[in-house]
Structure formats: C-alpha cells, structure tokens
Amino acid sequence: MSINSTNSKNFSKLKNILIIGNGGRENSLAWAIQKNELVKKVYLIPGNAGSERINKCKRIKIDINNLNELTEKLNFLEIDLIVIGPEIPLANGLADFLRKKNFKVFGPGKDGAKLEYSKSWAKEFMQDANIPTANFWKVNSLEEAKKIIHSSSIPLVVKADGLASGKGVFIPDSKDECLSAAESIFNGQFGNSGNVVVLEERIQGPEVSVFALCDGKRYILLPTAQDHKRLNEKDKGPNTGGMGAYSPTPLLNKDYLNRIIQEIIEPTIDELNKRSIDYRGVIYFGLMITESGPKVIEYNCRFGDPECQTIMPLMDQNFLFLLEKCSMGSLAGNEKINTPNKVSGCVIATSKGYPHEYKTGFPIKIGKIDSSDTQIFDSGTSLGKNGELLTDGGRVLSIVCQDSNFDMVFEKAYKNLKEINFDGIYFRNDIGHQVRKYVSKEN
Ligand code: AMP
C-alpha cells in the first residue's frame, strides 16, 4: 500500500495506540497497526490471551464503562489514537465521550452507529436515500406482524430491530415459522432489542462484504471480501458469527464495484452528511448480489469478523495513517491501497457446540506451523494458571494465510490446522470453495 503524499513527519504523534475489544478482529487490527514504525505500544482493552503474542502489544484490565478511570488511564498512557472494535461501545456513545475528552477516535458516534443498532432506522435511511435494499415493513406489535405475514404472498425474513449478537435474524420457510419467529422476538427473546421487528422481502444471491474507511465526508475502500456465516459445509446449518472468509472476492470486478459505489456507497455517505452525521470510522456494507443488482442486506458500524482478520495482512504500515486521517476528518479520498500481489483466506476453529452451547477451558496445542505469510489470531482464548493457552469462546482461533492464489492459501491454512488441536475442535473444510479448484471432504 502506498499513500499519495504521505509523509510520516505529519503523523509523528502516533506512538501509543489503544484498541478496544477482545476478539480476533481486534488482534488483527493490532497486528496491522504495530507494523507502523512510529508505533511504540499498542494497548488492548481487554484483548485476549493472544494479544500479547503480537509485537508491541499490551493488555490493560479496566472497565470501559467506568469513564473516569478510563479517561485517567488513557491520559496517563498518552494515547494518540483510539480504535473501537465492537458495536456495543459504539452504540453506547463511547466514541462521542472520548472525542469530547480530546482523544482522536476511529469509530462512529452514537448517531452513526445507529446504522447498525437499529435495523428499522437503517432501512428508512436507505429508503430516503434511494439505496437498493429488500422491501420491508416495520412493526411495533405481534398483531401488526401477524397482519402482514398473513397477507404476504412472499416468504418474509424476520429481524429484531436492535443488537442481538448476530442472532436476531430468522429466515423462515413457512408462514407458521415466520409467525413463531415474530412471536419469540416480541416475547422478549432479545430483550429491548425486540421491541420493534422488521419484516423483509427475502432476496437471493451471493453475499459480499465491502468496507469503507470514512472521515465524515470522504472515504476509501478496503479490499472486498466474502465470508461464510453458516456452521456447516456447503453453507448449510445455523448462522454463526463467521466460520471463515477470503479476500478479495472475484465476484466484484471493477465495473461491478463501480456500480456499488454509485448506487450504494456514495448515496450512503451523502445521506449521512444530509443528516449531519459526522461518521469517522468504518462502514461495513453487507451486500447481496441479486439478479436485479446489488442490494444492502445490512450495515455494520465496525469491521466484520472474520473479514477483518483476512484483510489486515494485506495492509502495510500506512494503514495506521488512514485510521488517523479518518479520526481527524482529513482523508484526501484518493489514497491508494496497493495490496501485495497476494490473496488472503481465513478459517475459524470453533468449540464443539458453537453457535449454541459449548464448553470452554480446554488446552490448545499448537504444533509445527508453516509460518510464511501465516497469522494465527486468537478469537476466544484465555491463559490457565500455568500460562497455558485455553479455549475461551465459541470461535477460538482464526488461521489466516496469504499466497498467490486461493488454492495455495487454503492448502496452507488446512495444513496448519492439522497442527492445531483442542478438545472438540471444529472447522469447515470448504472455506473459500467458490474460489478453490479442489476442496477436500475430510475434517
Ligand atoms: P443480517 O444480520 O441482517 O446481516 O442477516 C444475517 C443473514 O441473514 C444475512 O447474511 C443473510 O444471509 C440473511 N438475510 C438477511 N436479510 C435477508 C433478506 N432480506 N433476504 C435473504 N436473506 C437475508
């Protein structure tokens, strides 16, 4: 990656960086950020057991909801830039608070995070800006939902309006299933996040992820990606937080990406501006490529996981400068991201039972890893009494590899996975099947 007219002297105060969050996403951000030679320390609140294996990284134990203690600590550490990973602190207005305290923050304020934390708001936003998306109905009660479901001739998708850790979307195959999904949301399955329900026309097509780094007015795009949300091979089974991803996706050639820019990305930025929302962070566009063109399935106000782990190794040390420019509203908008001539893929190793109930605390054994262009980012791990690495989440490790083509990427990733073991380890063998010639059936 090279950035036009980038002069590192302009960024000399980027010694201490803070990342908020505890997943594979945050570890991969830390890994990309520490590459910058100006950086002395990357702090993670709270990070996880893998964070301190990354060069220059240190975890901090502090409650981010204790705002006085947090501010004092950040002043003491002389933090130059804060990157907020997850959606919940963004939806709670942490970026607004820290900006008021004069910190530079990469992450939208509460107004911008609404793109993610209210699906009905996001749908109305798209409607106002004429952005292509599935038709929808916003309903405030089960009675209203029933009327629409009964009168609809097409199958409807049912969504809780608010944040639900990726579990608030139902894709029913019958009216009865549709009704029972609406019923369970209104009965409180997701607490207040289900006070409002969005019913949506079900659309078809492959899904792609596009990320725009945004400074409030201008934006630049990161390499595109595709992830695998379903638990099982052949993209079957329940939805998960993500079982793997690859970048870039060959589905989006230059012309199609231009169409997405014209029909979706620029109208989104314009609409944010129209509403005086100064969005300084990443906008994730979850898109479906339908027969009638690209449509927005959802916005996120953060980097996707595992797309982030997949894309970060394609960034060079200038990535940090882009984050800082976004935080300051000073993107030129024409910065070029020159990725190495390589593609990247990620396979997630999960705990048995995920995304439902699973056990944690199993020792993780890592054998001889082929470390060339390979990263292992911890997603859900902790350290045992004797410093041993233990499973501590549904998604445990992100195994990421780069190479000149996807066959080589995934050959290396799966070879490395043979060296990794813990009780109940599960991963899909067919991540990236769309871009691979040969997909093995064994696990
Ligand atoms: P969301 O959390 O809104 O991204 O939804 C999770 C997943 O549900 C998406 O990645 C899609 O696979 C699927 N989905 C959501 N909305 C629709 C829709 N209107 N039509 C078809 N599939 C959908």
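Guide: By class, the shell around the ligand has eight charged, seven nonpolar and no polar residues, where Asp, Glu, Lys and Arg count as charged, Ala, Val, Leu, Ile, Met, Phe, Trp, Tyr, Cys and Pro as nonpolar, and the others, Gly among them, as polar. This is a predicted model, in which local features need pLDDT of at least 70 and side-chain atom pairs count only at pLDDT 80 or more, while totals for chains, interfaces and linings use all residues. Residues are numbered from 1 along each chain as its sequence is written, and side-chain values use heavy atoms, with hydrogens and water left out.

Of the 15 residues around the ligand, those that come nearest are Glu200, Glu201, Ile203, Glu207 and Glu298, a residue being near if one of its heavy atoms lies within 4 Å of the molecule. As for polar contacts, which are pairs of N or O atoms within 3.5 Å, a polar backbone atom of Ile203 lies 2.9 Å from a nitrogen atom of the ligand, and a polar side-chain atom of Lys159 is likewise 2.9 Å from a ligand nitrogen atom. In the side chain of Lys119, an N or O atom is 3.3 Å from an oxygen atom of the ligand. Taken alone, the ligand exposes 470 Å², of which the protein buries 91%, with accessible areas taken from the Shrake-Rupley method with a 1.4 Å probe. Two or more residues of the shell come from each of the elements β7 (156-160), β9 (197-201) and β15 (293-300), strands being DSSP runs (E, at least two residues) numbered from the N terminus.

Terms used: A polar contact is a pair of N or O atoms within 3.5 Å; within protein, one must be able to donate a hydrogen and the other to accept it, and residues adjacent in sequence count only if both atoms are side-chain atoms. Helices (H or I, at least four residues) and strands (E, at least two) are DSSP runs, numbered from the N terminus.
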